[in-house]
Structure formats: C-alpha cells, structure tokens
Amino acid sequence: MSSFLSVETIETILPFIAIGFAAQMVDGALGMAFGVISNSLLLFLGVPPAAASAGVHTVETFTTAVSGISHAIHRNVNWKLFFRLMIPGVIGGILGAYVLSNIDASTAKPFILVYLTGIGLYLLFRAMRYPPREREPKIVEPLGLIGGFLDAAGGGGWGPVVTSNLLVQGASPRMTVGTVNTAEFFLTATISATFITQLGLEAFTLATVGLLIGGVIAAPFGAMLAKRVPAKTLMFLVGVILTLTSLFNLYRALV
C-alpha cells in the first residue's frame, strides 16, 4: 500500500485524474464526449491506443451505469430505440475492440486521430445547427453498429456519433440523450470485456485508476454545470478542443 501511495505514483496518476475530471465535467453537462476527450489526451501523454481505449471504457462502465439508472428512473429512455441501438452497438464494439487489439499501435494511431479530428469537426457543425426540428429517426441500427465500432477503435465516440446523428434526424433531445447513455453501459461493459480477453489485465494501468478517480469526483459538478452553460456553447467548445488536440497529435505521429 505504501508503494502504491508513493510520491512517484501520485505524480504519475495526477495528470490522469485531471483528464478524468475535465472529461466528466464536459460529459456531465453535455451528455457526450467523455471518451473522445479522455482518449485524445491519453494519446497525447503517450498511452498506446489499445490501452487508452481499454482504460477509457473501463471507467465508462461505471459512469454509464449510474447515468443509465438515473435516466431510467426519470423516464428519459425510449426502450424501443434502446434495443435498436444497443444490440448492433454491442456487436460493433466487439469488432472494434478486437481489431484495435490485434494491429500494430503505431499503424493504428494516425487513423484513430483522423477519426477523432472528424468527430471534433462534426461537433462544431452540430453546434452551428443546434437544435434540429423533432422527427422520428429512420436510420438507427446501422448507426448503432458504426458507433459501437468507432467507439472501441477510437477510444470514444458513441455519444458524439450516435447522439448527434439521431438529433440531426430530428429525435427528441431528452429521450435521445437518455436512451443513448443507457445503451452505452452495455456497450462499454462489452468492449472492456473484449479488451481483457485480447490484452489481459495488464492493459489497465494507473491511467485507468486516475480517470476513474477524476470522473467520480467531477460527476456532481458536471450536473451543476449543465444548468448554467447552454448545450450549444459546450458542444462548440468540445469540438474546438477535440479538433485542435487531435490535429496536433496527428502532426506529431506523422512527422
């Protein structure tokens, strides 16, 4: 225990606690972006892509469980839409985790960063067009499959990809956020289990512990922030931060 709480250990884990705290603050207020923010900053700090994604999804298994229960209690879940998203999402997540775990990290990194840059630009686009007119979404199952795959392969993206696309199609914002967040628990739990079978428990390091501590501490503050900052403003800020961070990391990976 004393070695775990050594000065070196604390200094090592502090940046990851800060990342978890910042990402959860945004996610708690906006309902998305914990994964993409955490994964981008973990890659920036030199964490291998597969280990970064595994750590992020382990933490999200806990945070999405609480979120899903809360949304269900408050009747924010469209259960028909939930099953249409959850089943293909889990399948896509397994495929994404398997692919990321079995390819060379240096080869995967540029592609993942391009994907994360695209997510950031898309969030900027969503911010400019917020909010859409309400309609029943038509494209659901393919969206869940792609969102699950990209979430595992990129270490995040389920919320931005699925939620944003459903809102673009005109789905109810309240029901969309609640349903997507509830389905995300099953996605993250499945992805984490897949990473364990492919990478073993050594993939989960102090980075995972730091993210979990920071995320838990920030959870109540994120909810408070949601009451004060408009979703459109937060979405724009996430898009800016994510795009700049990913482009910088992409430049470092290619040079």
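**A conversation about leucine 166 and its surroundings**

Analyst: In this predicted model, leucine 166 is in contact with Leu81, Leu85, Pro137, Ile139, Leu143, Ala171, Thr176 and Val180, leaving aside its neighbours within four places in sequence.

User: Which core does Leu166 belong to, and how many residues are in that core?

Analyst: Leu166 is a member of the largest nonpolar core, which holds 55 residues. Along with Leu42 and Leu85, Leu166 touches the most other members.

User: Which helix gives the most to this core?

Analyst: Helix 5, residues 105-128, gives the most, contributing eight residues.

User: Turning to helix 4, how many residues does it have, and what distance does it reach?

Analyst: Helix 4 covers residues 79-101 and has 23 residues. From its first C-alpha to its last it reaches 32 Å, close to the 33 Å expected at 1.5 Å a residue.

User: What is found at the start of that helix?

Analyst: There, a side-chain oxygen of asparagine 78 comes to within 3.2 Å of the backbone nitrogen of lysine 80.

User: And the whole chain: how many helices and strands are there?

Analyst: The protein chain has ten helices and zero strands.

User: What share of the residues is buried?

Analyst: Of the 255 residues of the protein chain, 52% count as buried.

User: What about the accessible surface?

Analyst: The accessible surface of the protein chain is about 11900 Å², and 72% of it belongs to carbon and sulfur atoms.

User: Finally, what part of the contacts joins residues 24 or more positions apart?

Analyst: Among contacts in the protein chain with a separation of 6 or more, such residues account for 84%.

How values were computed: Residues are numbered from 1 along each chain as its sequence is written. This is a predicted model: local features need pLDDT of at least 70, side-chain atom pairs count only at pLDDT 80 or more; totals for chains, interfaces and linings use all residues. Side-chain values use heavy atoms; hydrogens and water are left out. Helices (H or I, at least four residues) and strands (E, at least two) are DSSP runs, numbered from the N terminus. Buried means under 20% relative accessible area, exposed over 50%, partly exposed in between (1.4 Å probe, protein chains only). Contact means heavy atoms within 4.5 Å. Accessible areas come from the Shrake-Rupley method with a 1.4 Å probe; for residues, only the protein chains shown count as cover. A nonpolar core is a set of buried Ala, Val, Leu, Ile, Met, Phe, Trp, Tyr and Cys residues joined through side-chain atoms within 4.5 Å. The expected span of a helix is 1.5 Å times one less than its number of residues. A polar contact is a pair of N or O atoms within 3.5 Å; within protein, one must be able to donate a hydrogen and the other to accept it, and residues adjacent in sequence count only if both atoms are side-chain atoms.
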